[in-house]
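Hi everyone, thanks for coming. I'd like to walk you through one structure today, so please have a look at the screen.

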Amino acid sequence: MALDQTFVGRTYPPTEPYEVGREKIREFAVAVGDENPVYTDPEAAKAFGHQDVIAPPTFVFAITFAAAGQVIEDPQLGLDYSRVVHGDQKFAYVRPVRAGDRLTVTSTIEAVKSLAGNDIIDIRGEVHDESGEHVVTAWTKLVSRAPEEA
Amino acid sequence: MTAQIHYADVEVGTELPAASFPVTRATLVRYAGASGDFNPIHWNEKFAKEVGLPDVIAHGMFTMAEAIRVVTDWAGDPGAVVEYGVRFTKPVVVPNDDQGALIEVTAKVAAKLEDNRVRVDLTALSAGQKVLGMSRAVVRLA
């Protein structure tokens with residue numbers, strides 16, 4: 001069933017702050033096998049002008065995707081999450097995410113489409129730190145595949 | 001934000017050092033824990049096949065995280081990446097054997113932009129299939 005077009009432009013309330021920890025960044029860097037010392041050694045990060053260790057570019061997705069849960073699970077929208085696949089992902093960084101950041105995400109539905117029975121939704125997540133500084137914007141395209149014919 | 005590569009030293013067509021990233025079931029379990037994405041299509045073969053996949057597949061975000069390493073290793077400072085976007089065109093299928101899968105990434109400078117920025121276009125293959133489409137990063141060089 002096609003999703004309701006009136007959801008386009010809807011913005012959800014900002015999430016509670018997520019505190020970025022040094023050890024969480026380290027865990028993520030290990031999980032992707034990335035040994036860049038900027039992720040684990042504050043001195044190496046400072047040599048590049050960062051205040052503390054920074055997170056790998058895609059780290060913030062875990063935070064923005066959790067925030068997008070407000071949209072995905074909105075019963076009024078009615079997205080069938082069991083059939084959802086990740087279509088596109090894009091980030092635009094004002095600065096890297098770093099240890100000590102307390103990040104909030106404001107999610108907005110940018111587009112809702114139906115193509116060949118697939119429901120497609122574009123969600124923009126604006127990430128700000130505790131001081132209100134804009135850190136990164138994440139665009140996530142989710143595709144809820146049409147059910148197979150029985 | 002200090003990249004180690006100088007803007008003046010690159011041209012359109014400059015190739016970045018390519019890299020290959022192995023991925024096994026153990027890699028996926030570790031990534032699930034670190035990222036918080038516990039979708040069973042990434043670790044449960046029975047479930048993956050029930051929903052029509054050939055086998056367990058890697059998280060798209062894992063592939064995206066590996067591909068950008070070609071750029072961040074080249075630039076030196078990952079903070080030099082100002083934009084990064086991909087389309088997930090094919091899943092990376094990860095069999096439960098001793099090999100797993102391999103994600104092969106190449107990249108080249110596609111455009112020189114203002115403010116010392118360049119656009120890098122990435123190609124990511126696994127088992128001969130293109131797994132990321134429209135994969136682009138904008139990087140601020142020294």
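What pattern does chain A follow, read along the sequence? It is β-α-α-α-β-β-β-β, and the secondary structure comes to three helices and five strands. Helices (H or I, at least four residues) and strands (E, at least two) are DSSP runs here, numbered from the N terminus.

Some housekeeping before we go on. This is a predicted model, where local features need pLDDT of at least 70 and side-chain atom pairs count only at pLDDT 80 or more, while totals for chains, interfaces and linings use all residues. Residues are numbered from 1 along each chain as its sequence is written, chains are lettered from A and ligands numbered from 1 in the order in which they are written, and side-chain values use heavy atoms, with hydrogens and water left out.

Let's start with chain A as a whole. Its C-alpha atoms fill a box of roughly 55 × 30 × 20 Å along the principal axes. Of its 150 residues, 51% count as buried; buried means under 20% relative accessible area, exposed over 50%, and partly exposed in between, with a 1.4 Å probe and protein chains only. Among the contacts in chain A with a separation of 6 or more, 69% come from residues 24 or more positions apart, contact meaning heavy atoms within 4.5 Å.

For annotation, UniProt lists "domain: FAS1-like dehydratase" at residues 7-137 of chain A, in an unreviewed entry. UniProt positions are in the numbering used here, feature names are shortened, and annotations may be inferred rather than shown by experiment. Over that stretch, residues 7-137, the chain is 21% helix and 31% strand, with the end C-alpha atoms 20 Å apart.

Now the inside. In soluble globular proteins, nonpolar side chains tend to be buried together. The largest nonpolar core here has 69 residues, and A:Phe91, A:Val97 and B:Tyr84 have the most contacts inside it. By nonpolar core I mean a set of buried Ala, Val, Leu, Ile, Met, Phe, Trp, Tyr and Cys residues joined through side-chain atoms within 4.5 Å. Another core, of 14 residues, lies apart from it and includes A:Leu3 and A:Val112.

Which brings us to the interface. How many residues of chain A are in contact with chain B? There are 29, and they meet 31 residues of chain B. The area buried between the two chains is about 2,500 Å², with carbon and sulfur atoms giving 58%; that is accessible area (1.4 Å probe) lost on putting two parts together, summed over both. On the chain A side, A:Ala31, A:Val32 and A:Phe48 lose the most area to chain B, together 23% of what that side buries.

There are also three salt bridges between chain A and chain B, a salt bridge being a side-chain nitrogen of Lys or Arg within 4 Å of a carboxyl oxygen of Asp or Glu. One of them joins A:Lys90 to B:Glu83, with the closest N and O atoms 3.5 Å apart. As for the elements, helix H1 (22-31), helix H3 (61-72) and strand E2 (84-93) of chain A each supply at least two residues to the side that touches chain B. The largest share, eight residues, comes from E2(A).

A:Asn36 is found between H1 and helix H2 (42-47) of chain A, and at 11% relative accessibility it counts as buried. Leaving aside neighbours within four places in sequence, A:Asn36 is in contact with B:Thr72, B:Gly76 and B:Pro78.

Finally, a bridge within chain A. The side chains of A:Arg102 and A:Glu130 meet in a salt bridge of 2.8 Å, N to O. A:Arg102 lies in strand E3 (residues 102-115) and A:Glu130 in the loop between strand E4 (118-128) and strand E5 (134-144), so the pair ties together parts that are 28 residues apart in sequence. A:Glu130 counts as exposed, at 59% relative accessibility. Thanks, and I'm happy to take questions!
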